[in-house]
Amino acid sequence: MMNLPKGPDSLCFNKEEFMKDDFDVDRFVADCRKHVQLEQMREDLEQYYRLLKTAMVELINKDYADFVNLSTNLVGMDKALNQLSLPLGQLREEVLSLRSAVSEVIQAIDTQLSKQDDIQKKKICVLRLIQVVRSVEKIEKILHSQNTKDTTSLETSSPLLAGQILERIATEFNQLQFHAVQSKGMPLLDKVRPRIAGITAMLQQSLEGLLIQGLQTSNVDIVRHCLRTYATIDKTRDAETLVGQVLVKPYMDQVITEQFVKSSPNGLQLMYAKLLEFVPHHCRLLREVTGGTISSDKSDIVPGYDFLVNSVWPEIIRGVEGRMSFLFNPGNPDTFYERYCISMDFVRKFERQCGSQASVKRLRAHASYQSFHNKWNLPVYFQLRYKEIAGYLDNAVTDGLEAAPAGSRYRLQVTEVLWSCVCRCWAEHIYLPPLAHRFWKLTLQLLSRYSAFLTEVLTKTPPPETTKDPVRPLPSSASSTSSRTSQDADSESGGPTALSTKQLVFIAADVDQLQEQIPEISVMIKGKLEGIGFRNFALVSDALDDSKTALSGCIPKLNNRMTQNLTERSFRFLKNASEVPRLYRRTNKEVPTRASAYMDNALRPLHQLVSDSTGVVKVSIIHEWLRVTLSDCTQRYFETISDVLSSVKKMEESLKRLKQARKTATTSTAGVNTGPSDDTKIRLQLALDVEYLGEQIQKMGLQPSDISMFSSLLDLVQEARDLATAEQAGS
């Protein structure tokens with residue numbers, strides 16, 4: 001292969017690309033364009049082209065003589081080739097002839113080898129058939145020699161001797177079976193097959209009788225010989241089935257009865273206890289022989305058997321499912337729970353009786369094990385619990401915002417029921433480990449239903465209809481309280497479906513309390529989930545945080561509802577400030593020295609809130625409600641006071657113009673000043689009302705500076721007070 005000259009390292013391509021058999025121009029250009037522009041690639045190609053051209057010229061100059069003599073050296077070459085063609089043709093014919101002869105010899109050898117291989121196979125088949133016949137004759141001879149003795153036979157001879165004889169027969173029978181399988185389809189085998197069947201039947205019958213005799217007499221050697229014989233002829237399952245039918249089934253038929261279970265309140269536990277006693281009392285010998293006990297001698301163990309899994313357990317389940325089907329009835333969830341727990345405890349104790357972890361795995365993989373667990377209709381049990389728990393909460397939701405009973409940690413009955421339902425999901429007599437995922441989902445559904453209920457109550461329940469009431473005139477005396485009490489009661493009720501302040505306080509208290517107790521739910525659930533091997537507790541925490549967030553979503557609606565309620569109830573009286581001029585205009589009342597009666601009525605809902613919520617919700621929550629309510633009321637109150645003072649000023653100016661006109665008409669009747677004017681009294685009364693409001697704000701635990709617009713309101717009435725003071729001094 002020609003070696004191309006090496007180019008500079010700055011080239012955008014590899015020179016070896018040109019020498020590849022699958023070189024493609026389009027692909028080459030596409031690859032180069034990934035690294036450089038077309039202009040750069042063209043420059044590199046031109047540079048390498050010049051390099052190739054120079055290398056070619058140097059090559060021609062180096063071998064110039066060879067290039068010039070190329071044609072001269074080929075003169076006479078055709079004659080030389082013609083002289084070689086004849087001997088080469090002869091050589092070709094000789095090689096072909098030799099090849100044909102060798103092929104014939106190889107074919108003949110292959111034919112002979114095929115015949116020899118066929119003969120060998122037939123010989124092996126004949127030897128197998130001979131071995132089959134010899135094994136049959138040998139087994140029949142052993143059996144015949146035992147049956148022809150005068151006083152002893154295979155059944156009547158000593159059990160130990162019979163076990164040894166059967167073991168010899170089984171070893172020979174195993175070889176017989178092997179050769180019979182290898183000789184399948186041979187005519188001779190079909191003739192011998194009835195004799196093999198007779199041997200099989202007699203061997204199995206003798207093994208069964210001897211094994212039963214060994215179990216009844218607790219003869220370890222006999223049982224060991226029998227089990228080893230069964231293993232030799234690959235009939236271990238037959239031995240396990242025999243033990244189940246002969247040893248296990250009669251005991252189970254006697255113990256697993258409906259009368260036994262119903263004979264006493266704890267009859268099911270007693271029945272399972274007697275079933276567990278069967279293994280140590282009746283299977284000790286089998287477990288000792290098969291290595292199911294710690295004390296078993298390893299050298300004498302017969303492997304390949306698991307009587308607990310394949311003999312005892314199927315008979316137990318067959319008896320329970322066949323004669324105790326009422327156990328699986330989920331109609332009464334409490335009874336179902338008790339029976340299920342007792343049964344699962346029995347399963348755990350039975351697993352502990354297994355000799356090894358491998359035996360436990362075989363038990364759990366057994367068809368009867370799965371069948372027994374599937375018999376317990378857990379989904380139906382959960383549906384009954386679901387209806388019971390969810391229905392309890394739905395009934396509480398239907399009852400609305402009823403107060404919780406005395407001694408409860410919550411204020412509302414619905415919240416108390418919610419907590420009770422959540423706890424019931426994980427209670428000892430309700431929760432079942434296989435239903436952990438369903439009870440977890442139900443827990444989240446209960447919390448979601450409660451959040452949805454609060455949202456619906458706070459958004460759909462109509463507010464107290466306070467704005468439709470006609471504005472009541474101010475009482476003539478500041479000490480009048482009869483009318484304000486009735487008014488406040490009306491506003492508190494707000495109709496049969498309206499939310500009261502106390503109910504809103506209770507909702508806030510319960511939401512706050514429930515959020516603090518959600519970690520308790522998490523701890524309670526984690527304890528249960530650890531029992532089933534669940535470890536991803538971050539998912540549980542995240543889901544509960546989502547529920548907590550949903551509860552927190554109700555708080556803004558609740559706060560808005562509370563402040564709206566308080567604002568409407570308070571301002572319905574504060575707007576009576578517009579009636580103050582009527583009390584003093586042309587009534588000759590004395591100068592005011594105390595706040596108006598409407599101010600007490602307006603502040604009564606706020607004082608009632610403080611009284612109802614102290615010790616129920618956090619002080620910070622109460623102060624926030626008061627701050628927002630007082631800010632809203634102060635802003636609206638400021639507008640009302642501003643309008644009143646503007647009206648008073650206009651009235652004052654109008655009266656001054658009227659008096660001035662009267663003075664010019666009648667100058668001889670100058671009046672004598674009788675005291676402060678009505679406008680002065682009005683301004684003083686409004687100033688007293690606002691100052692009283694500031695005092696009450698401080699009594700509620702707030703500062704006037706916390707209330708927006710209050711400083712502006714105070715400045716407004718202070719200006720009015722200064723004007724009234726100036727008028728009094730001037731008069």
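Predicted model: local features only at pLDDT ≥ 70, side-chain atom pairs only at ≥ 80, totals over all residues.
Me: Which residues make the nonpolar surface patch, and which helix gives the most to it?

Reply: A patch of this kind is built from nonpolar side chains joined within 5 Å, each residue having over 30% relative accessible area and no salt bridge. Here the patch covers about 790 Å² and is made by L70, L74, M77, L81, L84, L88, L91 and V95, and helix α5, which runs over residues 77–147, gives the most to the patch, with 6 residues.

Me: Is L84 to be read as buried or exposed, or as something in between?

Reply: The term buried applies under 20% relative accessible area and exposed over 50%, with partly exposed in between. L84, which is found in helix α5, counts as partly exposed because its relative accessibility is 49%.

Me: What span should helix α8 have, and how far apart are its end C-alpha atoms?

Reply: The expected span is 1.5 Å times one less than the number of residues. Helix α8 (residues 220–232) has 13 residues and should therefore span 18 Å, which agrees with the 18 Å between its end C-alpha atoms.

Me: What is found at the start of α8, and what follows the helix?

Reply: At the start of α8, a side-chain oxygen of N219 comes to within 3.1 Å of the backbone nitrogen of D221, while the residue D234, which follows the helix, has a positive phi, near 60 degrees.

Me: Which residues of α8 are buried?

Reply: The buried residues of α8 are I222, V223, R224, H225, C226, L227, T229 and Y230. C226 counts as buried because its relative accessible area is 1%, whereas C341, at 27% relative accessibility, counts as partly exposed.

Me: How many disulfides does the structure hold?

Reply: A disulfide is read from a pair of cysteine sulfur atoms within 2.5 Å, and the structure holds 0 disulfides.

Me: With which side chain does Q517 make a polar contact?

Reply: A polar contact is a pair of N or O atoms within 3.5 Å. The side chain of Q517 makes such a contact with the side chain of Y410, at 2.3 Å; Q517 lies in helix α21 (residues 501–530) and is buried, with a relative accessible area of 2%.

Technical notes:
Residues numbered from 1 in each chain as written. Heavy atoms only, no water. Patch = residues over 30% accessible without salt bridge, like charges linked within 9 Å, V, L, I, M, F, W, Y side chains within 5 Å. Areas by Shrake-Rupley, 256 points an atom, 1.4 Å probe, with all protein chains shown as cover. Salt bridge = Lys/Arg side-chain N within 4 Å of Asp/Glu carboxyl O. Helix = DSSP H or I, 4+ residues; strand = E, 2+ residues; numbered from the N terminus. Buried < 20%, exposed > 50% of the residue type's maximum accessible area, 1.4 Å probe, protein only. Polar contact = N/O pair within 3.5 Å; in protein donor to acceptor, adjacent residues only side chain to side chain.
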